[in-house]
Amino acid sequence: RPTYRIAPSILSADFAQLGAEVRHVIDAGADWIHFDVMDNHYVPNLTFGPMICKALRPHARLADGTPVPIDVHLMIAPVDALAAEFADAGADLISFHPDASGHVHRSIQAIKAKGCQAGLVFNPAAPLDVLDWVIDDIDLILIMSVNPGFGGQAFIDSALRKIEAARRRIDASGRDIRLEVDGGIKAGNIRLAADAGADTFVAGSAIFGAADYHAAIAQMRAALG
Ligand code: DX5
Ligand code: ZN
């Protein structure tokens, strides 16, 4: 049985008080902080960059001071220059979409050379084929269950088959690779994603849209069993 991780996306937090929102959601039981970077080019929306990540880094810690991982999801093209800036800004994991980089292997190596874990992200209609060549180089696979760009969209059911396919590839690799799902996750469908093989769950609107973040996360953990 995997160690499940819940990664609240601060895309749906109150941007006027991001530090407090990060502390609040960690108090409520978040395992990771998911940080959605959008550039109005790769996706039709614009969010925040490395300066905001750096400002939030001191807020992303447990009461005893233990840092909580910042999980940076880059929805940007090109990838490499900003990925390096996010590493310097305190990111722990940096994931990018392979179709946004001209040199996927190089981008992965550059992220790891900065001391971060590296992940690849797959859009709902994107093939997993690139994993044939780089699965031994990555730490995380992120399956999009919505089209990237906005929070609050409905889960796309075909993502479950893609999670299963990614799980088979991870198991065949024999490597310790996190399998994360992002988009439309809530207490009512998180178990389906886990049964398909996901072990890490991004949720934005289902947590930050709730009156009680602790209850929202607890409901997800209860559904995971
Ligand atoms: C979408 C982002 C997601 C988004 C998830 O482009 O990558 O992380 O914030 O939000 P919900 O959970 O509301 O679908
Ligand atoms: Zn995301």
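This is a guided tour of the predicted model above, stop by stop.

Residues are numbered from 1 along each chain as its sequence is written, while chains are lettered from A and ligands numbered from 1 in the order in which they are written. Because the model is predicted, local features need pLDDT of at least 70 and side-chain atom pairs count only at pLDDT 80 or more, whereas totals for chains, interfaces and linings use all residues.

**Stop 1: ligand 1**

Select ligand 1 and the residues around it. The shell holds 21 residues, the closest being Ser9, Pro148, Gly151, Gly204 and Ser205. A residue is near the ligand if its C-beta atom, placed from the backbone, lies within 6 Å of it. By class, twelve shell residues are polar, seven nonpolar and two charged. Here Ala, Val, Leu, Ile, Met, Phe, Trp, Tyr, Cys and Pro count as nonpolar, Asp, Glu, Lys and Arg as charged, and the others, Gly among them, as polar.

Now colour β2 (33-38), β8 (200-203) and α8 (205-208): each supplies at least two residues of this shell. Helices (H or I, at least four residues) and strands (E, at least two) are DSSP runs, numbered from the N terminus.

**Stop 2: the annotated binding site**

An unreviewed UniProt entry places the feature "binding site" at Ser9, His73, Gly149, Phe150, Gly151, Gly152, Asp182, Gly183, Gly184, Gly204 and Ser205. UniProt positions are given in the numbering used here, feature names are shortened, and annotations may be inferred rather than shown by experiment.

Select Ser9 first. Serine 9 sits in the loop between β1 (5-8) and α1 (18-27). Serine 9 counts as buried because 25 C-beta neighbours lie inside 10 Å; the cut-offs are 20 or more other C-beta atoms within 10 Å for buried, 12 or fewer for exposed, and partly exposed in between, with C-beta atoms placed from the backbone. Leaving aside neighbours within four places in sequence, Ser9 contacts His34, Asp36, Gly151, Val202, Ala203 and Gly204. A contact means that the two C-beta atoms, placed from the backbone, lie within 7 Å.

Next, select Gly184, in the loop between β7 (178-182) and α7 (190-196). Glycine 184 is buried too, with 23 C-beta neighbours inside 10 Å. Beyond four places in sequence, Gly184 touches Ser145, Val146, Gln153, Ala154 and Phe155.

**Stop 3**

Which residues does UniProt list for "active site"? The unreviewed entry gives Asp36 and Asp182. They span 147 residues in sequence, yet no two of their C-alpha atoms are more than 10.5 Å apart, so they gather at one spot.

- Asp36 lies in strand β2 and is buried, with 24 C-beta neighbours inside 10 Å. Not counting residues up to four places away in sequence, Asp36 touches Ser9, Leu11, Thr47, His73 and Met75.
- Asp182 lies in strand β7 and is buried, with 26 other C-beta atoms within 10 Å. With neighbours within four places in sequence left aside, its contacts are His73, Leu142, Met144, Ser145 and Val202.

**Stop 4: helix α1**

Which residues of α1 are buried? Select Glu21, Val22, Val25 and Ile26. They cover an arc of only 130° around the axis, which puts them on the same side of α1; the arc is that of the directions from the helix axis to the C-beta atoms. On the other side, Ala20 and Asp27 are exposed. The cover over the buried residues includes β1, β2, α2 (50-56), α8 and α9 (213-224). After α1 comes Gly29, with a positive phi near 115°.

**Stop 5: the nonpolar core**

The largest nonpolar core has 73 residues, and Val72, Leu74, Ala83, Ala91, Ile94 and Phe201 have the most contacts inside it. Helix α6 (residues 159-173) gives the largest share, five residues. Such a core is a set of buried Ala, Val, Leu, Ile, Met, Phe, Trp, Tyr and Cys residues joined through C-beta atoms within 7 Å. Select Ala83: apart from residues up to four places away in sequence, it touches Leu74, Ile94, Phe96, Ser107, Ala110 and Ile111.

**Stop 6: backbone details**

Most residues other than glycine have a negative phi, and most peptide bonds are trans. The bond from Ala77 to Pro78 is cis, with omega near -5°; Pro78 is in the loop between β3 (70-75) and α3 (80-88). Asn40, a residue other than glycine, has a positive phi near 55°. Asn40 is in the loop between β2 and α2 and is exposed, with 12 C-beta neighbours inside 10 Å.
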